[in-house]
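Below is a short note for a colleague who is opening this model for the first time. Please read the numbered points with the sequence and the 3D view side by side.

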Amino acid sequence: LSPGDTSVLAGLYGPAEAKLSKELPDRAALEVLLRPKVGLPGVLERSREQQLRQTCEAVVLGVLHPRTAITLVLQVLSDAGSLLSCCLNAACMALLDAGLPLCSLFCGVTCALGADSTITLDPTVRQEQEARAVLTFAIDSRERKVLMATTKGSCSVEEMQQCLAAAQRAADTIFQFYRDSLRRRYSK
Amino acid sequence: FRTVEPLEYYRRFLKENCRPDGRELGEFRATTVNIGKTGSITTADGSALVKLGNTTVICGVKAELAAPAADSANKGYIVPNVELPSLCSERFRSGPPGEEAQAASQFIADVIENSQMIVKEDLCIANGKLAWVLYCDIICLDYDGNLLDASVFALLAALKNVQLPSVVINEETGLSEVNLKQKTPLIIRKHPVATSFAIFDDTLLIVDPTAEEEDLATGTVTIVTDEEGRLCSVHKPGGSPLTGAKLQDCITRAITRHKEVKKLIDKVIKSITPK
């Protein structure tokens, strides 16, 4: 999945047999592994993995596959800004492609708040660095509610609400993109 | 009943708008804080012990000298590290830090960065040669939910307590001389305070969850505000979806909580400073 130049490769394995230590008796155990482009995964990757995992857990109907493990592996191929939302989109498409039962879709949108309070959606690395604050939201497809939110830098409450509204509008475009790519894949 | 069907047990309380430990949905647990030499670490440069109900978190700050990085010659370092040893709860095993500890460390680092609570340029002693490194070790002694709030509070209290000795670089030898007698307090620009909420069944929001409530919750939200009412961080790692209005509700409550916490910290600092 590559919006602009950021690309993330997502591989989903499951539902497969889980190790005894990891299996949960009533639902599927979801595991997310995020591998950065260079270096070993560090603390930042762990916190991203936790966010992705809990977002996916909210969406995947794990109760239909108890005592199994679903593993999602994400490899960052290149990073040109908006990395987390790219990972979110890749994860959702991988879940769709694998045919796992989901209660709704989700998409990731990043907003950068410039110094003059302009909102830029899907910023590049330079825009992210120059911005006063960068907010990433995961929006769900059913009612455009917020599944996940992370902020970097400080902003006022009104600005956050504006970014959220802009992200919800942008989510429509992304869901349309999901539909189109799936249609292309299955219309052979 | 509580062990067999914990969710049903909880639902019954939530229907009456209260919780098993007698609190309202929007009520925080009793917060106590101990700063500095009274009951905390004497060997550290700054320390604080915070108790939020049963959750106990201790933070120790040690200042050391190091050479600044090549690309930011006038910046020092702040290195937060959150540890969840197996003594605090049976859910944590001993060994390398688990995901929760690492995610918490990352969160604290983000809060420090986003709120600009300590500006790294203040930590620089000599451009390109010497700067302070503040190692902040946050250790949880008893885990009963709401780790992030307690950690941020402990960090803030400990940093307010830190006294950095003055350092002079000897021109001839190029070595640094640390003068332990002359101490200056750390300049803290902003005071971020975290407020955590747990989401139940996609609708109900409760404040300051205990460990049991966190397990049963379908999601958590943590909001960090500073004294101007600006948002330093909105941390919602997945979990059930929230509408914008609910999020707004959380933010308003977080701002009220900030005022209470700030009053508490100021009171404690005032009671230990006349020395």
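1. Helices (H or I, at least four residues) and strands (E, at least two) are DSSP runs, numbered from the N terminus. In these terms B:R2 lies in the segment before α1 (6-15) of chain B, where B:R2 counts as partly exposed because its relative accessibility is 36%; buried means under 20% relative accessible area, exposed over 50%, and partly exposed in between (1.4 Å probe, protein chains only). Setting aside residues up to four places away in sequence, B:R2 touches B:Y9, B:Y10, B:P20 and B:E212, a contact being heavy atoms within 4.5 Å.

2. The model is a predicted one, in which local features need pLDDT of at least 70 and side-chain atom pairs count only at pLDDT 80 or more, while totals for chains, interfaces and linings use all residues. Residues are numbered from 1 along each chain as its sequence is written, chains are lettered from A and ligands numbered from 1 in the order in which they are written, and side-chain values use heavy atoms, with hydrogens and water left out.

3. Between the chains, helix α1 (residues 43-59) of chain A packs against helix α2 (residues 99-115) of chain B at an angle of about 110°, their axes lying 8 Å apart; axes are lines fitted to C-alpha atoms, for helices over the stretch in contact, and angles run from 0 to 180 degrees between N-to-C directions. This angle makes α1(A) roughly perpendicular to α2(B), given that angles under 35 degrees count as roughly parallel, over 145 as roughly antiparallel, 65 to 115 as roughly perpendicular and the rest as oblique. From α1(A), the residues A:V43, A:L44, A:R46, A:S47, A:Q50 and A:R53 meet B:E99, B:Q102, B:A103, B:S105 and B:Q106 in α2(B). The residues of this contact comprise 3 nonpolar, 5 polar and 3 charged, where Ala, Val, Leu, Ile, Met, Phe, Trp, Tyr, Cys and Pro count as nonpolar, Asp, Glu, Lys and Arg as charged, and the others, Gly among them, as polar.

4. Which residues lie nearest the centre of the second largest pocket? They are A:L44, A:R48, A:D79, A:E128 and A:K152, within a lining of 32 residues that divides into 12 nonpolar, 11 polar and 9 charged. At least two lining residues come from each of α1, α2 (83-98), α3 (125-130), β6 and β7 of chain A, and likewise from α2 of chain B.

5. In the loop between β6 (133-140) and β7 (146-152) of chain A one finds A:K145, which counts as buried because its relative accessibility is 15%. Apart from residues up to four places away in sequence, A:K145 touches A:A138, A:I139 and A:D140, and also B:P241, B:L242 and B:T243. A:R144 lies in the loop between β6 and β7 of chain A and is partly exposed, with a relative accessible area of 24%; its phi is near 55°, a positive value in a residue other than glycine.

6. Is B:N146 buried or exposed? B:N146 is buried, with a relative accessible area of 1%, in the loop between β6 (130-142) and α3 (147-161) of chain B, and its phi, near 60°, is a positive value in a residue other than glycine. Most residues other than glycine have a negative phi.

7. Finally, A:F137 is placed in strand β6 of chain A and is buried, with a relative accessible area of 1%. Beyond its neighbours within four places in sequence, A:F137 is in contact with residues including A:L88, A:C107, A:V109, A:M148 and A:L164.

Key. On a 1 Å grid over the protein atoms alone, a cavity is a set of points where a 1.4 Å probe fits but cannot get out, and a pocket is an open set with protein on both sides within 12 Å along at least five of seven lines; lining residues have an atom within 4 Å of a point.
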